[in-house]
Amino acid sequence: MTQSRTEIATLGEFGLIHRLSEGFQPALPDTVRGIGDDAAVMDLGGEYGLITTDMLVEGVHFDLAFSPLRHLGYKAISVNVSDIAAMNGIPHQVVVGLGLSNRFSVEAVEEIYAGVKAACEDFKVDLVGGDTTSSRSGLIISVTVFGKVAKEKVAYRNTARPNDILCVTGDLGSAYMGLQILEREKQVYMANPNMQPELEGKDYVVQRQLKPEARMDVVYELEEAGVVPTSMIDVSDGLASEILHICSQSKVGAILVEENLPIDEQTFLVSTELNLDPVTAAMNGGEDYELLFTIRQDDYNKVKNNPKISFIGYITDKAGEVILNTKGGNRYPITAQGWNHFS
Ligand code: ADP
Ligand code: MG
């Protein structure tokens, strides 16, 4: 008998996760939230525990031709802390798994760990364990973070409500532009190794790609302002994908205002040079590791003067309908197709 074979590509990443997780319903009384959010949530008694894991794989998530090892170590911690931030939580402990090929020296691994240490200091987390193994298919860094959040402050993806204001931190699309620059310089270098990289005036976008910063600063500032987001997610796959997650899981819709999308000046300049559309990069580029969240209208005054937060639209009761109101006055529906725009 022949078994049928389904290509992973036919399901996509989210479809595959859905299919694999269908058979697993949380059974323990302290499992508050399982698969489907930025981190899982467990009841510790007085507060909630948060746990999340993310892996960086050579050739998929990074290219050693232009990713300094120190930055990689930093990024591995930062992108995981970002998922704790997306639950409105505080990170506490990390464990780090390493798959190393024998082309790495001790000094090279120490470089990765210099970055891990810097991130642990920046985000005030303790490295408490991990695993080290050899790898035949390049470098793998797998990080798991444990965090905590007060029960009444946890922010899920599925709790946005109509009329809530849509907010995003920092700026969008810059990490994608940084990647395009690094890829371009790699091609130039491969054609002529004597060429020096042309990175002048591109420092910001390149840094956004190589060394993203989890927005713990904003989590603390929201706390100080007395604002608990009604929903939250971090922007790892691009604004379009994340907003669709919030809307589908919350069974609401959203209106996005193109004019309000935060795009850095350097992202504009680089996009002109590379002949790319900065709004498409903001919507679909990914790897910005900013926070996308919703707040109640009543809370607007408490955060309206925070320069790190842009107010980019609002939630509607039209389930699943996400519309981008363009500068030209058009209504552009955001669909799941946007996810694969760049693949
Ligand atoms: P994020 O981008 O925030 O890290 P993902 O899109 O990677 O989230 O994952 C979405 C959800 O699916 C998360 O709850 C994650 O824990 C879960 N998930 C991802 N891969 C697996 C897997 N192999 N088995 C079980 N759950 C998974
Ligand atoms: Mg996330």
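The structure is a predicted model, in which local features need pLDDT of at least 70 and side-chain atom pairs count only at pLDDT 80 or more, while totals for chains, interfaces and linings use all residues. Residues are numbered from 1 along each chain as its sequence is written, chains are lettered from A and ligands numbered from 1 in the order in which they are written, and side-chain values use heavy atoms, with hydrogens and water left out.

**Confidence**
- The average pLDDT (the predictor's confidence in each residue, from 0 to 100) is 94, and 97% of the residues score at least 70.
- Residues 338-343 have a pLDDT below 50, and this stretch has 11 contacts (heavy atoms within 4.5 Å) in the model beyond near neighbours in sequence.

**Helices α5 and α8**
- Helix α5 (residues 203-210) packs against helix α8 (residues 265-274) at an angle of about 100°, and their axes are 8 Å apart; axes are lines fitted to C-alpha atoms, for helices over the stretch in contact, and angles run from 0 to 180 degrees between N-to-C directions.
- D203, Y204 and V205 of α5 meet Q266, T267 and V270 of α8 in this contact.

**Ligand 1**
- An N or O atom in the side chain of D83 is 3.0 Å from an oxygen atom of ligand 1.
- Polar side-chain atoms of R157 and S236 also face ligand oxygen atoms, at 3.2 Å for R157 and 3.5 Å for S236.

Conventions. Helices (H or I, at least four residues) and strands (E, at least two) are DSSP runs, numbered from the N terminus. A polar contact is a pair of N or O atoms within 3.5 Å; within protein, one must be able to donate a hydrogen and the other to accept it, and residues adjacent in sequence count only if both atoms are side-chain atoms.
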